[in-house]
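Let's take a walk through a protein model together, one stop at a time. Keep the picture open beside you as you read.

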Amino acid sequence: MSQTEIPPVASNTTSESWTEITPQALYSKCLTVARNLWWSWHPEVVNLFRDLDPVRWRQLDHNPIALLGEMTPDQVAQRASEVVLYTRINQAHRRLKDYLGNKQTTWGAREGGVLGSKPVAYFSAEFGIHESVPIYSGGLGVLSGDHIKSASGLGVPLVAIGLFYDQGYFRQHLDIEGLQQEEYFDTKVENLPMEPARDPQGKPITVEIDTMDGKLLAKVWLMRVGRIPLYLLDCDVEGNQPEDRELTSRLYGGDVRTRIRQELVLGVGGVKALRALQIYPGVYHLNEGHSAFAPLEVIRERMHDDGMLFEDALREVARCTVFTTHTPVPAGHDRFNGKLTEEHLGPLRQQIGISYEQLMGLGRVEPQNEDETFCMTVIGLKLSRRANAVSSLHGHVSRRMWSNLWPWRVEEEIPIGHITNGVHVPSWLAYPMQMLYDKVIGADWQKEMGDPGIWQKIYTVDPGELWETHNALKSRLLEFVRRRASRQCRRRNEDESTVLAARNVLNPNALTIGFARRFATYKRADLFIQNLDQFASLMEDTTQPVQFIFSGKAHPADEPGKELIQRIANLRHDPRFAGKIVFIEDYDINVGRHLTQGVDVWLNNPRRPLEASGTSGQKVVLNGGLNCSVLDGWWAEAYNGKNGFAIGRGTQHVDSDIGDARDAKDLMSVLSEEVIPLFYDRDADGLPQKWIEQMSNSIATLASRFSAHRMVMDYVKHEYLVAAGGLSSDMSVR
Ligand SMILES: *Cc1c(COP(=O)(O)O)cnc(C)c1O
């Protein structure tokens, strides 16, 4: 979404003149809109906030509450009359009101069945909604954010549960050596669109969780994401031990004890929060293992309320629990030893009347095996009747990975299905592309974007217009990169000539390849330089120039990941690559949006099959970029030979060194034999007709399939409705 280039739209409506509304009323309308994250996926509203003060808007991470906090009502009114904002403010306010009021005619109201009275409770350790709300680290969070935004758009009855991290994830800078530096900042709560959640009596909610060595308290915040309430638990409350007040400060910070305590708060505390709110879900959706303690607390409730026996309660609760697993990397699954597990789950274990061995058995593949630690994925799988992976290939991998849990079943019958991830289209689609779709597909296309049929109309687009739109986005990306690159140099106190060079990096006409993701080693960010000299000769050809933009963080404890960053960031010092390879610091949703909206090619070369799905490439599709990826995750089911590029043929090698070398070779050949020649194959008008054809193919075949709307509809149809139907009737009358 453009924060910079779209000029303020002059209003041609005079009916609502500034005399009819007081500055206070105008200001309060702005604030109402700013306090629901709905604004963040409506470009007209984003641009409205930007136009209040474009410079501060950027400096404040696009946070409208912070921006309004710096302005008085009179200043807002003054600015509104200067750049004609009255109508736009009124319109935004009215649209939000209509959106929130109109729940009856949504897809969710029609198709959501019993969920209307028994909503879905969606648990996730992180939510990536917008760069101004830093409670996410990466892919998992962005997926959760997109899930609830689409649930909002579709009108699916769903409430979301997460943690409030007042420092969030770290902000990244590179020092002069290229080494990652991590900084944490306190988020100002008053600048976030949240308020204390209140029970039906209007009292703020604090939940208590027992552990073997004392109570943990968490207060509950409410954040509004369109029609979806997001409840965030926060341990920074009076009454907690000083160290516990910092328990939820940082995302994925601290040691394993911090981790289990955070997960206790999320799972058990989350269920307690729902109860205090008097929300009685029909479905508990555990997005990844972090929240997998939640069903234990639901079991406790059922035993307490309905006098059920443990085994019966477990069966009932599992029936309404949906578990989504995201990681095919063994190290990615949380595991806790017996001591930590008992310390934190002991009281709950006693209340539900099971022994220590039984509890540990729930987190073990072999319940009796005392050498096995307690695994969150295992308990998630055992306490849910419906489990899914996040792409077709990941489904196969997960069934094999967990087949020991069902030793009597053949692999195909392991009860882990898959629902492939998707992205929230309005959040990731650039405004100029949206306008092109409005024109080519029809103004109402967003209402039907889950229908593959409507996307066929992209073939009627004028190739020149599609190309021009893409190039406008590309130059916006280049401007962003130059601004960031020079700022990075200035911050490192580099000399003026370096700063100046950074301000002019990249060539607007060159094939621009983007690569941004977590710098975990299996993602192999350095695959392209496995053979540096060969790569350099590829980059030498000035008739067919190629350039790269990189971005991504390594986990603070991941030294090899940090070395990878350093190696790539320092390529800028190699004269062969100067001005052609840029590393953008502090990858976040804002950087992600600029990159995925402006690149020609999105590169993804993980070690197959370790990428569960990946979603960044799906954002690229919407904006007319082409994917060039290993056949892993979502790309393994998306690629059809005509809608992008494949690295290798979708095989794996048992020896990862051999596999890496082969993939590096395949990457070089796909770049030099397919990608580069196709991009530079121009007609008399300078248009790469065959390339543009691939852009259209990519949009036509992939945009609807890999949207979060399709994903959420799949969850409703194949998981939620079945799970909610499985509840016994006494639960449903509440
Ligand atoms: C989309 C996105 C991701 C997830 O992308 P992957 O393809 O899984 O790497 C991670 N971080 C940010 C900031 C994103 O926008």
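Keep in mind that this is a predicted model. Our first stop is a pair of strands: E3, covering residues 171–174, and E4, covering residues 180–183, run antiparallel and are joined by four bridges. Together E3 and E4 make a hairpin, with five residues between the two strands. In that turn you will find Gly178, which has a positive phi of about 90 degrees.

Now let's move to the ligand. Which residues lie around the ligand? They are Gly138, Gly139, Val142, Trp428, Arg517, Tyr587, Asp588, Ile589, Gly614, Thr615, Ser616 and Lys619. Sorted by class, this shell has four nonpolar, five polar and three charged residues.

Thr615 has a backbone N or O atom 3.1 Å from an oxygen atom of the ligand. Ser616 uses its side chain instead: an N or O atom there is 2.6 Å from a ligand oxygen. For Lys619, a polar side-chain atom also lies 2.6 Å from an oxygen atom of the ligand. Taken alone, the ligand would expose 390 Å², and the protein buries 93% of that. Helix H8 (139–154) and helix H25 (616–622) are the elements that each give two or more residues to the shell.

Finally, step back and ask where the ligand lies. Domain 2 (107–421 + 713–723) and domain 3 (425–706) both give residues to the shell, so the ligand lies between these two domains.

Conventions
Residues are numbered from 1 along each chain as its sequence is written. This is a predicted model: local features need pLDDT of at least 70, side-chain atom pairs count only at pLDDT 80 or more; totals for chains, interfaces and linings use all residues. Side-chain values use heavy atoms; hydrogens and water are left out. Two strands pair if DSSP finds at least two bridges between them. A residue is near a molecule or strand if one of its heavy atoms lies within 4 Å of it. A polar contact is a pair of N or O atoms within 3.5 Å; within protein, one must be able to donate a hydrogen and the other to accept it, and residues adjacent in sequence count only if both atoms are side-chain atoms. Accessible areas come from the Shrake-Rupley method with a 1.4 Å probe; for residues, only the protein chains shown count as cover. Ala, Val, Leu, Ile, Met, Phe, Trp, Tyr, Cys and Pro count as nonpolar, Asp, Glu, Lys and Arg as charged, and the others, Gly among them, as polar. Domain bounds come from an automatic or database domain assignment.
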